[in-house]
Amino acid sequence: MRAAFLADFDPDAPARAVSVGERPEPVAHDGWEVVEVKAASLNRHDLLTACGAGFVRANQLPMILGCDAAGVDSDGNEVIVHPVVNGVGWEGPELLDPHLSLLSDRHPGTFAERVAVPRRNLVPKPPGLSFAEAACLPTAWLTAYRMLFTQAAVRPGDTILVQGASGGLSTALTALARSAGVRVWVTGRTEATRAYAIEHGADAAFEPGARLPERVDAVMDSVGPATWMHSLKALRRGGVLVVSGATTGREAPIDVTLMFSHSLRIVASVMGTRDELRRLVAHCTLADLHPPVSRVLGLGDAGDALSTMQAGDVRGKIVLCP
Ligand SMILES: NC(=O)c1ccc[n+]([C@@H]2O[C@H](COP(=O)([O-])OP(=O)(O)OC[C@H]3O[C@@H](n4cnc5c(N)ncnc54)[C@H](OP(=O)(O)O)[C@@H]3O)[C@@H](O)[C@H]2O)c1
């Protein structure tokens, strides 16, 4: 079958690390199922993997990229793939499994005509979402859902700050929070990304580091050191900073005095559970939410898609259709 895979890593030009060609057909072991991929969406996780900064080691190459997919299972059902794979025999909370991996970390990913996944990871695709829209949900939108509704427990009437305006996760945070009656402020690096966020539901958009009209109940930060101090200073007393990414680096300073004097909380968040994915799908249906897809490309364009993401030019989501 045809797939976009890594034969090597390239930290300088990750697009060069991507090959498109024939790979062996996936094998469905016990409890697994082969899904015909109709659409797969790109995440920064794929960029990190191609740079060699992800979880794939050189001895695992070649590895098919891609965490997210929507497609058709062997019974003809339209499905969305939950990309979190637990270790054999793990019975604890799925996101606390020490052997947890995402598709493309240990098992071949979704940038392929077909992918093998644990059967329990399949969630029905609602008819109201296209395959391209549904393929955006499993990583960026699921992470946003958990950050907002599980980790920050936002309520209608709250105000949040989202660091980042136009990326996949930022767009999902804005749309989901807005649909739940939460006031959303974002920071964006350019006028164009700020305008994009307003067009897609943000109530106001600010330059990075800008003084806000008032302090917020919660901040969603996946950018890291570039925005971290602003995030902490933007919180009201007792507010929560939910952290899910390190786009600009791994280490960020903490003003310890500010933390305890303002009773701030920092909560880390990774992906979401299968149950949260089911509830996200229901939420999208009930609120008539459609993830914004800026480009639909072929598998052969996987390298170009990574370059676009590396250049910071993503608006919403990029989707690949085999
Ligand atoms: N914990 C998890 O489970 C999880 C799941 C999904 C994603 N993530 C993480 O979340 C982050 C975003 O992922 P994504 O897929 O949404 O990526 P993306 O589509 O490329 O979006 C990047 C976002 O970061 C913002 N940003 C601000 N400063 C930046 C800088 N100096 N360089 C680059 N971007 C900057 C961008 O703002 P503008 O809008 O102004 O361009 C944009 O909104 C990544 O770190 C990813 O690893 C984590």
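This is a predicted model: local features need pLDDT of at least 70, side-chain atom pairs count only at pLDDT 80 or more; totals for chains, interfaces and linings use all residues.
Visitor: What is the order of the strands in the open sheet of three strands?

Guide: Helices (H or I, at least four residues) and strands (E, at least two) are DSSP runs, numbered from the N terminus. Two strands pair if DSSP finds at least two bridges between them. Here the order is S2-S1-S4, and the pairing is antiparallel. Strand S2 (18–22) and strand S4 (63–64) each have a single partner strand, so one side of each lacks a neighbour in the sheet. Strand S1 (residues 2–6) is joined to S4 by two bridges, and phenylalanine 5 stands opposite isoleucine 64 in S4.

Visitor: How many bridges join strand S11 to S12, and do they run parallel or antiparallel?

Guide: Five bridges join strand S11 (residues 159–163) to S12, and these strands run parallel. Isoleucine 160 stands opposite valine 184 in S12.

Visitor: How many residues of strand S12 are buried?

Guide: Buried means under 20% relative accessible area, exposed over 50%, and partly exposed in between (1.4 Å probe, protein chains only). In strand S12 (residues 183–187), four of its five residues are buried.

Visitor: Is isoleucine 254 buried, exposed or partly exposed?

Guide: Isoleucine 254 is partly exposed, with a relative accessible area of 43%. Its place is in the loop between strand S15 (235–243) and helix H7 (256–261).

Visitor: Which residues come nearest to the ligand?

Guide: A residue is near a molecule if one of its heavy atoms lies within 4 Å of it. Of the 25 residues around the ligand, Ser166, Leu169, Ser244, Thr247 and Met271 come nearest. Helix H4 (168–179) and helix H3 (137–151) each supply at least two residues of the shell; H4 gives the most, with three residues.

Visitor: Which residues place a polar side-chain atom by an oxygen atom of the ligand?

Guide: A polar contact is a pair of N or O atoms within 3.5 Å. A polar side-chain atom of threonine 247 lies 2.7 Å from a ligand oxygen atom, and one of arginine 44 lies 3.0 Å from a ligand oxygen atom.

Notes
Residues are numbered from 1 along each chain as its sequence is written. Side-chain values use heavy atoms; hydrogens and water are left out. A polar contact is a pair of N or O atoms within 3.5 Å; within protein, one must be able to donate a hydrogen and the other to accept it, and residues adjacent in sequence count only if both atoms are side-chain atoms.
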